Amino acid sequence: MAIKPGFLSKNPSVLVFLLVLAAFTLGVTLMSEAYGAGVVSTSFVKTLGKTLCLCLIAIAMDLIWGYTGILSLGHFAFFGLGGYMIGMWLMYARTREIVLGSQGALPPTPQELQDAIATQIFGVVGTSELPAIWSFAGSLPAQLALVVLVPGLLALIFGWLAFRSRVTGVYLSILTQAMTLALSLYLFQNESGLRGNNGLSGLQNIPGVAADQDHLSIWFLWASAGMLAAGYMLAAFVTSGKFGSVMRGIRDDEARVRFLGYSVESYKLFIFTLTAVIAAIAGALYYPQAGIINPGEMAPIASIYLAVWVAIGGRGRLYGAVVGAAFVSLVSTWFTGGRAPDLNLGFYTVKWVDWWQVLLGLSFVLVTLLAPKGLAGLVDLVQGLRHPNRGGDPMGPGDGSLREEEAVE
Amino acid sequence: MRHRFLALTAALCLALPAFAQETPPSAEVSSSEIFAPEAAGEAPALTGLAAVLATYSGDIAKPSRKTIGPVIAEIGAAGEGAPAFLAAWADKRVGQAKDGRFYLIEKTKDGYALTDPVTGAAAGTVPKSELSELKPNAGVRGVIASALVEFQLSDPDPAQRRAALDALARNGAAEHLEPLRASIETEADPAIREQKERLERLLTVRFGTSSEERVAAIEHFNGDLALDVRGALNPIVVITRKVFEGAAEGNVAQVLRVGKDLGEEEAYLLLVEAGLAPARLTASERRAVLEANIDAGAVAGVPIAELDDPAKRNAAYKALVAEGKARAALTEREIGAALAGFTFADVYSETDATVTAAAALALQAIDTKVGVMQAADLGLDALSLASIYFLAAIGLAITFGVMGVINMAHGEFITMGAYTGYVVQLYIADYTTSILVALPLAFLITAGAGVAMERLVIRHLYKRPLETLLATFGISIALQQIFKNIFGTQARPLTSPAWLDGAWMINDVVSISYIRIAIFVLALIFLALFLWVMKRTRLGLEVRAVTQNPSMAASMGINPDRINMLTFGLGSGIAGIAGVAIGLFAKVTSELGSDYIVQSFMTVVVGGVGNIWGTLAGATLIGFLQKTIEWFNPSNTLAAQTYMILFIIAFIQFRPRGIIALKGRAAGD
Amino acid sequence: MSGTGTLLEVSGISVTFDGFRAINNLSFSIGASELRAIIGPNGAGKTTFMDIVTGKTSPDEGSVLWGEMSQNLLRMNEAQIARVGIGRKFQRPTVFEDQSVAENLLMALKAARAPWRVLFWRPGAGDHARVEALAAQVGLGDALERKSGELSHGQKQWLEIGMLLAQEPKLLLVDEPAAGMTLAEREQTTALLVDLSKTRAVVVVEHDMEFVRRLNCKVTVLHEGSVLAEGSLDHVTANPKVIEVYLGR
C-alpha cells in the first residue's frame, strides 16, 4: 500500500494503538497455559481472541456508520457468512480426516470418500448428498477466497440496489435489517445446504494441525491481533486523506458532496463492500475460536448490538469503536457468565444474569442521550479539549448529519 | 357369499322381534336351575333381555360365527339394555359369573366391577376367579357390530341415530350397506334421512356390488367438495406399478415406456423386486468382494494402496470374476435386454374399469373446484394476515409518519398489550368481560409507556432519527428482559371468549376462524377511527399541521411538543390493542412483539410514510404476498419469509418511497 | 447573443409538484463567458430552475443542453453534471463544518473524483499552494487549519465561494450570495463575480436590487415559472409587467 512515511506520524493514535495491541497480545501469551505462567485459562484466551475479532468488525461498523453515516444493521450477516465460508472447509477437512482414519480394508475412491463425508456432515439434516455450494469445501485456498468473495459480492449487489435507488437514513437501516433477516431465515432452512439450524460445529479443531487447544488458542489470538492491527491501519489509511473527507462529507451533507462532483453512490458502495469484507474476515477468525456457528448468530439483533458497541465506544473514531466493542463484550461476558456478584437490595436480589440486558439497554439509552461521543469522549475530557458548545446546530441539512456538540476530529 | 349371508342376518333381525316373545321358557328355567339354584325359588319369570340371555347362555358364552346370527337378532330385539350389551360384548367387556349370569364387567385392581346388563345397575365386584370373560372371535364381533348398526340406525332417539351415522361415516364397511339401506325407508326425520342417503351413496361407491350402481353413486357426487367424498373416491384410483411378462393385465391406468415414463434404473429395480432379474452389482457389494479377497496386501494382483482409483478397482474385480471368485457385473446391454422382455404398467387395485374411469373423472372435477376454493381460502387467510400487519404497523406508521421517529420498542409495546390482557384475565375470570376490560386498559398502559418514553428520551433526539432508532432499541432490549424477568420465558395463556372459538366453515375447503374475523373487524374499526381523528378533530388538524411544517405550526400557536407527545401516545396505545388482539391467537411470550416488528417496518416502508392508506396498501401487499408464496411452497414458511423480504428489497428499487409517496418538495428531498 | 456560442441552452422545461406548476415552459440560455442575474418574487421558480440545471430535480418536459457538444444534462446525475463543469452555491452556506478549511478546499479541488483514485490521492506541493492561494483569495489565508464550523456566517459564504473556485467550473450558479454579508463584503463579492465572469459563465440569483445593479449585467426576470422579461436592469425595471408583479409593491 501506498502509505507514505509520514502516515504514522500524522496519525499518532495508530502508533499508540499498535503498541497497546502488541503489549496486550504479548502479555496474554506470557500468562497463557501454553507458553507462559498459566495464569490465564485457555477458555479466557479464546474469549480475548474472539473479542479482538469483534473489535475488527466494530472498526468496519465505525467506517460505515461513524464516518459515512450509514447505519447498517447488516454487518453481522457478513461476519456470519465469513464464518460459514471458513467453517465449511474446517468441517469438511476435519470430517475427511475422520473418514480416512476409520476406513475399511480398501482405500476409499474419491466418490466413496465424498459420500462418506456428506453422510457424516448432513446425516443430521436427513440427507447424504453434498450440496453444490460445498464444491470447493475441500480446498482451503478456495474457501479463503470465498470468505472474501461471497460477502463482498452480496454487499456489492445489495449495496448497488439500495444506493442506486437513493435509499437513505432509517429506510436504509431497515432495509439492511431485512436483508439480514432474510439471510438468517434462509440459512435456517435445511435446504440451504448449510445444515439448517444445526449450523456448522467442531470448528475449533484445525485439520492437519496436531497442536492442542492451549496452543491453538494463542495462535488464533495472534492471528486476530494481527488482522485487527492490519484492519486498523487500513481504516486509518482510508479515513485519513481526501477519501476520509469525502466520507465525512457524505455523512454530514450528502447533496453537497454530490454537487462537488463526487458520485456519492459509488463511495457508499465502495465503503459498504469494503466493510463487508472486513466483517467477513473478522468472522472467519472468530468462528474457529467459537467452535460453532449457526444462523441464530446472524439474526438482525446481533448487528444492532454491533451498533451499540460502536456508539458506547464513540463513533467517528477508530479507537472508540475498538474500545467500545472490547469493553461491552467483555463486561457482557462477565455479567452473563454468572461471575458478577448478586446485588442485594434488601427487598429484592438483583441477579445480573437476568438484569444485565436491562442494564445494557438503559445505559445505551443514556449514552445516546447524554454522551454521544461515548467512552472515547473521556479522552477529550482528559486532554481538556472540550469542544465549544455552539448550541447544537446541525452540521448539515440531512437529518442524519452530526450535531456540532458531537462532532469530533 | 358374504354379502348374501349378511343380508340374511339383517332380514332375520327384522323378522325376529315377534318370534322372541313366543320363545318357550323351558331352556331358561333349566339353565337357571343348574347355575343359580339359590335364586330359583324366589325368581319371577324372566322377561326381555334377561330371558334371552338366560335362554342362549351357552351360545353366548361360546359363540360361533355360523350359528350366532339368530341369537344376536334375538338379543337385539330384547329391548332395554340390548344395544349396550351387544356393544359391550363386541368390546369383550362381558363376563359370565359362576352362576351362569352375564354381567357387563370392568377390570379393577384385583377383580371385576359388575354391571347388570338389563338394568344397568352396579352389581358389586367379584374376584378374578369367580368370573370368566367372554372372548368372541373377530367373525362374531363383525356380526355383532353389524347388528348393532342396524339397531342404532333405527333407534327411536334421533341423537342416537345421528351418532350411529357419524360412526359409520368414520369407519363404514361393506356389511353396513344393507342395514343402512333398510333403515332409510323407515326414517321419519328428513335431515337424518338425507344424511343416510348420502352415506348410503358413499358406501355404495366403495362397496357397491354392481359397477352401474357404483358409477351412478360416483356421478352423483360430481363437484362435491366434502372431504368424505374425496376420502371415498381416492382409494378407488390408487395405482400400483407392476411388471408383466407379456401384455399388461388387470385394470391398467397407463402402460409405461421405459426411458420415457419410467427411468431405467427404477424399471430394473422393479424387475429385481419382482424376482424377475438378478440385482445389479452395487458399489458396496463389489467393495465387500474385494475386501474378502485381499491376499498379501493386494487384490488379484493389484496393490491395496492403488484401489482408491475406480478404474483399478474395476480391473481387480474383473480379475476376480475371471478367477471365478465373484459374480460378473451386469453390462448395460444385459440390462437393456432384460428390460425389453417385460411390460411395465400402472394398474388400479380396483378391478372395475368403468368405476375407476368415473372416479378419476369425478376427482378431476372436484380438484378443479377445490383449486378455486383454495384460492378463495388463501385470499381470506391473506386478508386476515394483512389486517394483523395493519394493526401491528399502524401505530408505527403514525409515529414514523408524523414525527419521523422509528420506534424500535414498538414490538415491546405490542407485547406489553398482550401481557396486559393476560394479567387482566388473572383477575377477571369471565373471558368476554376481561377482553372488554383489557382492550382499553392495554391502550392506556402502552400509551402511558409511550408518552413516558417520548418525554424522557425521544424528545431530546428529534431530528436525529438514527439516534432515536438506537435509543429506542436500547429500551426494547431492556423491556424484553424485564418481561422475561416478570413473566418468565414460557408462553402465558390469553384465552379468547368462547364465542370467538371455532371457525366459520363455508365448506370443507374454505373456512376462517372467528378470531381472525374479529381482528379484521378491529382493523377496520381502527382505520375508521384513525381517519375520523385525523380529518374531523382538532387534534387531527394539529397533527397534520405539525407533520407538514412544524415551525409554521408552532408559529400558529400549536404546541408541537404537546402534539408529538399525544401522537406518540396514540401510536403506542394502538400497539397495545394490537397486542391484545395478536395475543388471542399467538403465544404470549416476551418475544411476541419482535416476531412482528420487522414485518411492521416492512409494511410502513412499502406502504409509504405519512399516509394511512399507504400503510393499508403495504399491509395488504405484504399479507397477500406472504400467503401466495406460502401457497407455492406450503411446507416451508421460512422460505416464504425469505422470498418476501427479497421481493420487498426489489420493490424498494422501483418505489423507493413506498406505494403512496409524497412528491416534490414536501418529500423533504 | 455574443459570438462565443451558447454554453447552456434550456428550452421549454416544465415541472409540476403535486399539481403546482413550479416551472412553466421556461427557456433560457447563457454564453460561455457571461454574467447574468435572475430576479423574481418568491415562488417564481428561481431555485427550482437551479435544481433542474444541477440535476436535483428532473423536469416533466423540455431539454437542457450543455456545451459545444450539446450534451443532454437531463441524462446525467448531480455528480456528473458537477464534473462537466457546473458549480453551485447554495442560499444557505453549506460547507462541511466538521472539517477544516483546508480539507474543504482540498475536497473541492479539481482532481479525479472516482473512489479508487481518491483513495490513493495525496496532495502534492502544487495542490497545497493552490489551496493556500484560494484561501487567500477569499480572505481565509490564516484560517486554513480552523474547523469551518467555527467560522462566521460571512466567512462560510466565502469559503463556499472558494470551494466553487477550486472546482474550476465553466458555469457558476450562485444563489443569493449577498445574504448575511456586510456592505464591504458585498462589494468584494460583486467585484469577484464580475471578475469571474470574464473567464466563465456566472448566473446570480438575487433579491437585492442594489447588488444586481452593481453587477451591471443582463437581467432575467422570472415570474410563475417562466421568463417575464429579459434585458438590462434599467430595461426590465421599466417594464410595466415587472413593476406590477415585483417592484411596484
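Confidence, chain contacts and helix packing in the predicted complex

Chain C has a mean pLDDT of 84, with 97% of its residues at 70 or more. The model is predicted, and the predictor assigns the complex an ipTM of 0.87 and a pTM of 0.79. For chain A the average pLDDT is 85, and 91% of the residues score at least 70. Within chain A, the element with the highest mean pLDDT is α11(A), at 95, while the lowest value, 65, belongs to helix α1 (residues 7-10). Two stretches of chain A fall below 50. In residues 1-5 of chain A the pLDDT stays under 50, and the model has four contacts for them beyond four places in sequence. In residues 404-409 of chain A the pLDDT is also below 50, and this stretch has 16 contacts in the model beyond near neighbours in sequence. Where pLDDT is low, the predicted coordinates should not be read in detail.

Chain A is in contact with chain B through 42 residues of chain A and 46 residues of chain B. On the side of chain B that touches chain A, two or more residues come from each of α15 (283-292), α16 (310-323), α21 (465-487), α26 (592-607) and α28 (637-654) of chain B. The largest share is that of α21(B), with 14 residues. By class, this side of chain B consists of 30 nonpolar, nine polar and seven charged residues.

Chain A also touches chain C, in a contact that takes 27 residues from chain A and 24 residues from chain C. On the side of chain A, α9 (242-252), α10 (254-259) and α11 each supply at least two residues. Of these elements, α9(A) gives the largest share, seven residues. The residues on this side of chain A are 13 nonpolar, six polar and eight charged.

Helix α11 of chain A (residues 264-290) also packs against helix α4 of chain A (residues 75-101); the two axes come within 6 Å and cross at roughly 50°. The two helices, α4(A) and α11(A), are therefore oblique to each other, and their crossing is right-handed. Residues of α4(A) in this contact include A:F78, A:F79, A:M85, A:I86 and A:L90, and among those they meet in α11(A) are A:A279, A:I281, A:Y286 and A:Y287. Glycines also take part, including A:G80, A:G82, A:G83 and A:G87 of α4(A) and A:G283 of α11(A). The contact of α4(A) with α11(A) has 15 nonpolar and seven polar residues, and no charged ones.

For chain B, an unreviewed UniProt entry annotates residues 382-406, 435-453, 514-534, 565-585, 597-625 and 637-654 as "transmembrane region". In the model, residues 435-453 of chain B are 100% helix and 0% strand, with end C-alpha atoms 26 Å apart. Residues 514-534 of chain B are likewise 100% helix and 0% strand, and their end C-alpha atoms lie 30 Å apart.

Key: Residues numbered from 1 in each chain as written. Chains lettered and ligands numbered in written order. Predicted model: local features only at pLDDT ≥ 70, side-chain atom pairs only at ≥ 80, totals over all residues. Axes fitted to C-alpha atoms, helices over the stretch in contact; angles between N-to-C directions. Helix = DSSP H or I, 4+ residues; strand = E, 2+ residues; numbered from the N terminus. Parallel < 35°, antiparallel > 145°, perpendicular 65-115°, else oblique. Left-handed = near helix turned anticlockwise from the far one by under 90°. Contact = placed C-beta atoms within 7 Å. Nonpolar A, V, L, I, M, F, W, Y, C, P; charged D, E, K, R; others polar. pLDDT = per-residue confidence, 0-100. UniProt positions renumbered as here; feature names shortened; annotations may be inferred.
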